[in-house]
Amino acid sequence: MKGKKKYLGIAAAGLVLLAALGVILFKALTPSNGIGSISGRDPIPQEADIYVPYIAGTTDADGFMRGMDVSSVLALYNSWQEADGSSHFKNFEGEELDIQGFFNLLHDTGTNYIRLRVWNDPFDADGNGYGGGNVDINAAIEMGQYATNAGMKVLIDFHYSDFWADPNKQMVPKAWADLTIDEKADALYEYTKDCLLQLKDAGVDVGMVQVGNETTNGFCGEVNWPNITQLFSAGSRAVREVDSDILVAIHFTNPEKAGNLANRAKKLYNYEVDYDVFACSYYPFWHGSLENLTTVLKDVAETYDKKVVVAETSWAFTLEDGDGNGNTVAVGSNDTVGDYEFSAQGQASEIAGVIQAVKNVGESGIGVFYWEPAWIPVQVYDGTDAKLAENRALWEKFGSGWASSYAGVYDPNDAGRYYGGSAVDNQALFDFEGNPLESLNTYKYVQTGTTGAEIRVTGVESPVLDYTQGDALSLPTELKVTYSAASPENLPVVWNEAEAAAVDMNTPGTYTVHGIVMVSEEEVEAVCAVTVKKAGLLKNPGFEDADMAMYKVEGSSGNDRTNDDPHSGSYSFHFYNSGTVDFTVEQTVTLNAGHYVFSLYAQGGDVGEDANTFAYVKIGDNVISEPFTLIGWVAWQNPEVSFDVDEDGVEVTVGVNITAAQNGAWGTLDDWELLTDSE
Ligand code: CA
């Protein structure tokens, strides 16, 4: 993960918020029974303001990794030295902590592993840092020493890039750009060995090394598996030669995509990559259910006899932004709701849920790492331009934001466009001023469980079903129930039969069906909204089907069906070109006489001032067009073209043309519709 703003807004299944209806209290939710505790008895729960379940097998004696990635923290301390001379982080007594004190606090609240990303050369030719903490090996050594002094082990997360590497980009370091694959493997081997020897000389207690970060779709500029795995093997060999006790991890993401992790694990096996730990990212807002996470990790662990960890996870304590740079998890266009409360309790529940999911893998599940619990604002944004300017200056000078403008030369399409501050200040385990939240104690609390906080139902999923005339109605059999202080679960729902029978799938309209979910012997009401739309005249109007034969696409390249930014469903028609854009996408249908309306949804940006963007209808030589303006990400435009057809059997073409003279225009088209009043 990283911090760019484009992800803003989480996918929101509607939830009926029950707070207004009066809450339902659980009688007493018993913590899970201890298995494997040495005495045979569960430890005594600690008194706390948040509920955290006891999870057996998570102590130091069990060898369980309770990790935190705090890679940005050195850059924050450097920023504060210039900004106000204070160190914003405080302990629970309100005392300011120097950077060693900060690492000691993490240790004292239950963390036993620190994860640090490392970029080869995150600096431009003039020595300006790219941001994201400017974490090269020197910065990692300094932070690694603080971690070691505090009694924690260190996971070194080599990106083998000069900046962020993730599923969307795996850019080769500048210095390696012109190397052949064999030369690159040698360079990667030498670099890894050199870095680890430096860490060792500096006394840093490295326990695990990641060879690559979220290398799901590529690695270090390579996209084919013989090359990718050759590089993995080169990195692994370097780690083995430096210290055979250091665990070698390979890191992927997107556990929610069917077969994804199994496929990557098979690649590692087929190409004989020598590694110990299969690592995966898990963010609840993107990566599916915890049950699925356990299933896919267990499959890899058992098939290939590997250890597994969750190398990144997080949740937000608020939907507010702290520093003037929009956050990854934020209020979207709809009411934003999620699997957990946006609170310290919600964070604790999320962390405990992920730990339990990893423990459910069995002996092979050895750890969880929280991502960036300490990337708080360089200074709290007060809404003024002056403060924002001060923050920007600090992000630029010390690399304490997710990207500085200097990164644009290396990464023009992402950092170059969206550079700024922390997109995750609301998922820290500290508030914006640096005071620790109760959730910071979660790693300590899971070893005993807590007592003192109650669990409430906070919501039940309210499905919104969209159908086209003539479809068959299918109401869900289970709904997701969320709690104030536990992971969500799916429970059976019983729908009102009379209301369900009243839904007329042949008559366009909207219908409501009520249901009852039983939660701990209490009845909780659920609501399902059903919309039946008039059947449209276009094929594949929402781009959900892989078959695109009904569309004709002409003009500049790179425009096609993708699962980027759909208006509804999972797919859209996406366009982007680093150069100029000029293309049409259209569909031809045969219509009878009547009045028609063609419409669609479009969003996008960077088209420049002279862009020409319009929907059109062609009937013979006659063209009717309706211009629209792309004004930004998910700012949906809904152009409509009305027209008449005078006789039966006329070929009509409907489509969209986007012409932008500025480089780098991007966007998506979705939910095309061609409707008629006549039969
Ligand atoms: Ca922010």
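This is a predicted model: local features need pLDDT of at least 70, side-chain atom pairs count only at pLDDT 80 or more; totals for chains, interfaces and linings use all residues.
1. Basis. Local features need pLDDT of at least 70, side-chain atom pairs count only at pLDDT 80 or more, and totals for chains, interfaces and linings use all residues. Numbering starts from 1 along each chain as its sequence is written, and side-chain values use heavy atoms, without hydrogens and water.

2. Calcium site. The protein donors (N, O and S atoms within 3.2 Å for Ca) are Asp321 (OD), Asp323 (OD), Asn325 (O), Asn327 (OD1), Ser422 (O) and Asp425 (OD). They lie 2.2 to 2.5 Å from the ion. Angles among the 6 donor atoms run from 76 to 177°, and the site is octahedral (six donors, opposite ones over 155 degrees apart, all others between 65 and 115).

3. Sequence span. The donor spacing is D-x1-D-x1-N-x1-N-x94-S-x2-D. Asparagine 325 lies in the loop between β9 (307-312) and α8 (344-359), and serine 422 in the loop between α10 (415-418) and α11 (442-445), so the pair ties together parts 97 residues apart in sequence. Asparagine 325 is buried at 8% relative accessibility (buried: under 20% relative accessible area, 1.4 Å probe, protein chains only). Serine 422 is buried too, at 1%.

4. Helix α2. In α2 (residues 99-108), 7 of 10 residues are buried (helices are DSSP runs of H or I, at least four residues; strands are E, at least two). Among them are Phe102, Phe103 and Leu106. Just after α2, glycine 110 has a positive phi of about 110°.

5. Arginine 237 lies over the face of tyrosine 189, at 4.1 Å from the ring centre (CZ of Arg or NZ of Lys within 6 Å of the centre and within 35 degrees of the normal). Lysine 306 has its charged end over the ring of tyrosine 275, 4.2 Å from its centre.

Notes:
Buried means under 20% relative accessible area, exposed over 50%, partly exposed in between (1.4 Å probe, protein chains only). Donors are N, O and S atoms within 2.8 Å of the metal (3.2 Å for Na, K and Ca); water is not among the atoms, so sites may look incomplete. Four donors count as tetrahedral if all angles lie between 85 and 135 degrees; four count as square planar and six as octahedral if opposite donors are over 155 degrees apart and all others between 65 and 115; anything else is irregular.
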